[in-house]
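User: I have a structure open and would like to talk through how its parts pack. Can you take me through it?

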Amino acid sequence: MDEPINFVAFSGTDDKLQALAVMTAGAAALEKRVNIFLQYWALDAFAKARIDLDHGLAPEAGPEGRARVDAITRAGQASWADTLRMAKELGGVDIQACSLSMDVLGLEESDLDPLVDGVEGVTAFYLSAGEGRIVFI
Amino acid sequence: MADQQVDARGLNCPMPIVRTAQAVKALASGQTVEVLATDPGSVKDFAAWSKTTGNEMIEQTSDGGVFRFVLKKK
């Protein structure tokens, strides 16, 4: 219970970010510490200017998957960003942007949504992760 | 009568647990929360949450697709 669970979020589509948010909120509710390291397209989705936009779905969703996701959204499912905000309110959730991905995407820390706690390199992420599991999404 | 109510009917996983964890945070030790949920996964989820966090499940009933849990804060 002492080791955190660690997510490396790479993909920036809404379905994968929703999976990240659900896994994070569940862990936070169980009082586990969670570290999230945002890379590439996942990081881009946390830009202030884009966080509330439609980020599409993974290719395997297809039109039928799109329709199903739209239906559950209309039924009031919280967005991934709101789910992560609730998880952070529970405590123990730290979200860091990968510094390399910041450079690749041309982002500054001030471009990021307040959900993101800071910018770090992969070494700092491994240090936070300790002996905890690392999950790549 | 529980000290706190959480109406999570209609909410999908993991929201029933997240709302409950938020409510329990505000309680004192020994106080209770009553949760209503319709998510079919909530029966196993609340059992696992209770076991992991140590907040005791003191009642569990279901009625017409609505699950009711009463939990006591550790």
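User: What is the handedness of the crossing of helix 1 and helix 4 of chain A?
Analyst: The crossing of helix 1 and helix 4 of chain A is left-handed, meaning that the near helix is turned anticlockwise from the far one by less than a right angle. This is a predicted model, where local features need pLDDT of at least 70, side-chain atom pairs count only at pLDDT 80 or more, and totals for chains, interfaces and linings use all residues. Residues are numbered from 1 along each chain as its sequence is written, while chains are lettered from A and ligands numbered from 1 in the order in which they are written.

User: Which residues make that contact?
Analyst: Helix 1 of chain A contributes residues including Leu17(A), Ala21(A), Thr24(A) and Ala28(A), and helix 4 of chain A contributes, among them, Trp80(A), Leu84(A) and Ala87(A). Contact here is C-beta atoms, placed from the backbone, within 7 Å.

User: At what angle do the axes of helix 1 and helix 4 of chain A cross?
Analyst: Roughly 20°, and the axes come within 9 Å. The two helices are therefore roughly parallel (angles under 35 degrees count as such).

User: Switching to chain B. What is the order of its elements?
Analyst: From the N terminus on, chain B runs β-α-β-α-β-β, with 2 helices and 4 strands. Helices (H or I, at least four residues) and strands (E, at least two) are DSSP runs, numbered from the N terminus.

User: How many residues of chain B are in contact with chain A?
Analyst: 12 residues of chain B are in contact with 13 residues of chain A. Helix 1 of chain B gives the most to that side of chain B, with 5 residues.

User: And what is the share of buried residues in chain B?
Analyst: Of the 74 residues of chain B, 32% count as buried.

How values were computed. Axes fitted to C-alpha atoms, helices over the stretch in contact; angles between N-to-C directions. Parallel < 35°, antiparallel > 145°, perpendicular 65-115°, else oblique. Contact = placed C-beta atoms within 7 Å. Buried ≥ 20, exposed ≤ 12 C-beta atoms within 10 Å, placed from the backbone.
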